[in-house]
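This report describes aromatic pairs and disulfides for a reader new to the structure. Please look at the sequence and the model before reading on.

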Amino acid sequence: QAARSFAAGKTIWSVAVGDFNGDGKLDMTVPDGGSNSVSVLLGNGDGTFQAPQNFGAGYGPAFTAVADFNGDGKLDLAVANYYDTTVSVMINSSGGSAPVAPTITSQPANQTVTAGQTATFSVTASGTAPLGYQWNKNGAAISGANSASYTTPPTTTADNGAQFTVVVSNSAGSTTSNAATLTLNPPPQFTLTVSETGLGSGTVTSSPPGINCGSACSASYVSGTTVTLTATPGMLSGFGGWTGCDIASGNTCTVKMNAARSVTADFTLLGLP
C-alpha cells in the first residue's frame, strides 16, 4: 500500500513500538531531538495512529528503548539524550497495562470411566481476559469444545487411550496443556440362565447369540443388552409359555440385562391334557 505519514515532531531519529496503554494494539514512541521531547502515538489497530502526546526528555533525545522497568505490567520508556549524554527513564502511569499471555496453573488430569459413561476434562489458566479455549482429541480440534472444561459424549471402547489437550489463548499469545489420557474400563456383564420345564422338549436360542440349549444353559451379556429368546418345541411337543421375561409374546421372550436374570421355558407334550 501507499505510505502513510503521521506528524510526530521536528527532528526524528528513531522509532520504537509497544502497547503502552494495554489495549492490545501496538503504539509508537518517537524521540524528537528538535523539541527535546518524546512523542507517543497510540495505535488504532488498523495501521493508523492518534495525535501524538508529548513528554519532556533531556537535551537532544535520539533513541528510545521499551521495557517494564518497575515490574507493574506496564511498558515504560528509556530515552538516550545525545547532547547531554544522559538517559531519561519515563515510568508509565497510564491506567492500562500490557496484556499477559496465558499460563496454565492446573493441567487436565487423566480420566478413567466405564465404557458408555462420559468423561470430563478441565483446565485452570491465568492471563489477561478474555481467555479462549480449544480442546483437541488426539491432535484434532473438537468442534464446539471452547470452554475451560470439556465433557465427552458417551464413550466407546474405541476411545480407550485417547489423548486430550487444550490450547488456551488471548491477545498476548497462547499455550498448550499437557496431554490427559482417557482410560476405559469394560462395562459389567450379567449372566442370563435359561431352564426348561414340562413333559415336552425343545430348544431355546437367543439374539444376540449365547443361548442355544435344551434342558438348561447360561450366557453372559454386557450390562444394558436386550436379549431376545426364542423357544422352538421338539417333536410331539408344544410351547406352554415363559416365566421371568420383561416382555413375553408367543414363543419369544425379551430380557434387559441390568442384573443377573433367570428365565424358564415350559414345553408340553402334545396329546396330553
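## Aromatic pairs and disulfides

Phe 121, Trp 135, Tyr 150 and Phe 164 together make up one aromatic cluster. The model is predicted: local features need pLDDT of at least 70, side-chain atom pairs count only at pLDDT 80 or more, and totals for chains, interfaces and linings use all residues. Residues are numbered from 1 along each chain as its sequence is written, and side-chain values use heavy atoms, with hydrogens and water left out.

Rings of Phe, Tyr and Trp (its six-membered ring) pair if their centres lie within 6.5 Å; planes under 30 degrees apart count as stacked, over 60 as edge-to-face and the rest as tilted. By this rule there are seven aromatic pairs. One of them, Tyr 82 with Tyr 83, is edge-to-face, at 5.0 Å centre to centre and 85° between the planes. The pair of Tyr 150 and Phe 164 is tilted, because the ring centres are 6.2 Å apart and the planes stand at 35°. Tyr 150 lies in strand β14 (residues 149-151) and Phe 164 in strand β15 (residues 163-170), 14 residues apart; strands (E, at least two residues) are DSSP runs, numbered from the N terminus.

A disulfide is a pair of cysteine sulfur atoms within 2.5 Å, and the count is two.

| Disulfide | S to S | Torsion about the S-S bond |
|---|---|---|
| Cys 213 and Cys 217 | 2.0 Å | about -45° |
| Cys 245 and Cys 253 | 2.0 Å | -120° |

The link of Cys 213 and Cys 217 is left-handed, and the link of Cys 245 and Cys 253 is left-handed. In sequence order, the bonded cysteines of the protein chain pair as 1-2, 3-4.

Notes. Helices (H or I, at least four residues) and strands (E, at least two) are DSSP runs, numbered from the N terminus.
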